[in-house]
Amino acid sequence: MAAPLYGGIEAGGTKFVCAVGTGPDDIREEIRFPTTEPEPTIRKAIEFFRNQEHGQLSAIGISSFGPVDPDPGSPTFGHITTTPKKPWLHTDFAGPIHRALAVPVGFDTDVNGAALGEWRWGAGRSLNTIIYLTVGTGIGGGVLIDGRPHHGMIHPEMGHVRIPHDRTRDPFEGSCPFHKDCLEGLASGPAIEARAGRKGDSIEPDDPLWDIIAEYLAYSLVNYIVVLSPQRIILGGGVMDQQQLFPKIRERVGSFLNGYIQSPAILDRIDSFIVPPGLGNRAGVLGAIALAEEAAHREQ
Ligand code: ADP
Ligand code: ZN
């Protein structure tokens, strides 16, 4: 029997990516379009899956910007909830997809989706507890505990942790509309841009600003490490295209922990403990396919 075929929707604040396939080596078709109002954007996704000619889909996975309601027992399961992206406030997303295409729908945060995709096919293979942190327009983290995406009360909001902010060295007040100088307010792409007065990708790799950004990210990673005891931390998102951040972050994580966590993962192998996504920039859409796979298995 042929492997079951899945649909995936990587729903970002600026663009949607929809794909049909079974995994990283078998994406049969993919489209991208800008995120506009909810109704026409969701309709475009539905039309893509209706018109694809690769076979019957067994499930669809949605890996979405948020905040979202990922609790299947909740009346607002599959909704985008209190998003700052106004037209999408309290929008049912999984519902219309399910009604139009009549297949099981898996739905989670973009970062839980990416964590699941990395666990299935990328840098998280053969591990149980991993973190996927994206450092982009916002900062968000997905957590897999024992191979399952963690939700808890709603879902983690790892970009909003508080970290030491030395205002003498870094007077930037922070850009988070809720907390000013939380991690996202200090180290996201827009925070970097606001501080420097130019786009992050035009800042030289040897600019001292990257030392400060690496320090903030390292503080947050140390917090996640002591709370969640992850076996690997995967760092993705546009800002992490600044590859020089990786060694800087690893060095600071080691020094902030100061020998307290006696694991070879940190003491001897930190290069393979804090890593870029194994799936590169395909982590998002493959995460959505992995969510579909999970939804199909759940329904069996
Ligand atoms: P999104 O978070 O919207 O899904 P990205 O992960 O690509 O998208 O993040 C976009 C953010 O990352 C923007 O703020 C952008 O300025 C920043 N960014 C993208 N590339 C780089 C780079 N090479 N260096 C620094 N910042 C970058
Ligand atoms: Zn915040």
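Predicted model: local features only at pLDDT ≥ 70, side-chain atom pairs only at ≥ 80, totals over all residues.
Helices (H or I, at least four residues) and strands (E, at least two) are DSSP runs numbered from the N terminus.

Contact here means heavy atoms within 4.5 Å. From α3, the residues G113, A114, L116, G117, E118, R120 and W121 meet A283, L286, G287, I289, A290, L291, E293 and E294 of α9. This contact comprises 8 nonpolar, 3 polar and 4 charged residues. Ala, Val, Leu, Ile, Met, Phe, Trp, Tyr, Cys and Pro count as nonpolar, Asp, Glu, Lys and Arg as charged, and the others, Gly among them, as polar.

Ligand 1 has around it G136, T137, G189, P190, G200, D201, W210, G237, G238, V239, D241 and Q242, each with a heavy atom within 4 Å of the ligand. By class, this shell holds 3 nonpolar, 7 polar and 2 charged residues. Polar contacts to the ligand are pairs of N or O atoms within 3.5 Å. In one of them, a side-chain N or O atom of T137 is 2.7 Å from an oxygen atom of ligand 1. G238 uses a backbone N or O atom, 2.9 Å from a ligand oxygen atom. The side chain of Q242 places an N or O atom 2.9 Å from a nitrogen atom of ligand 1. Taken alone, ligand 1 exposes 570 Å², of which the protein buries 66%; areas come from the Shrake-Rupley method with a 1.4 Å probe.

Two loop residues remain. P67, in the loop between β4 (57-64) and β5 (79-80), is joined to G66 by a cis peptide bond with omega of about 5 degrees. H90 lies in the loop between β5 and β6 (91-92) and has a positive phi of about 50 degrees, although it is not a glycine.

Residues are numbered from 1 along each chain as its sequence is written, while chains are lettered from A and ligands numbered from 1 in the order in which they are written. Local features need pLDDT of at least 70 and side-chain atom pairs count only at pLDDT 80 or more, whereas totals for chains, interfaces and linings use all residues; side-chain values use heavy atoms, leaving out hydrogens and water.

Conventions. Polar contact = N/O pair within 3.5 Å; in protein donor to acceptor, adjacent residues only side chain to side chain.
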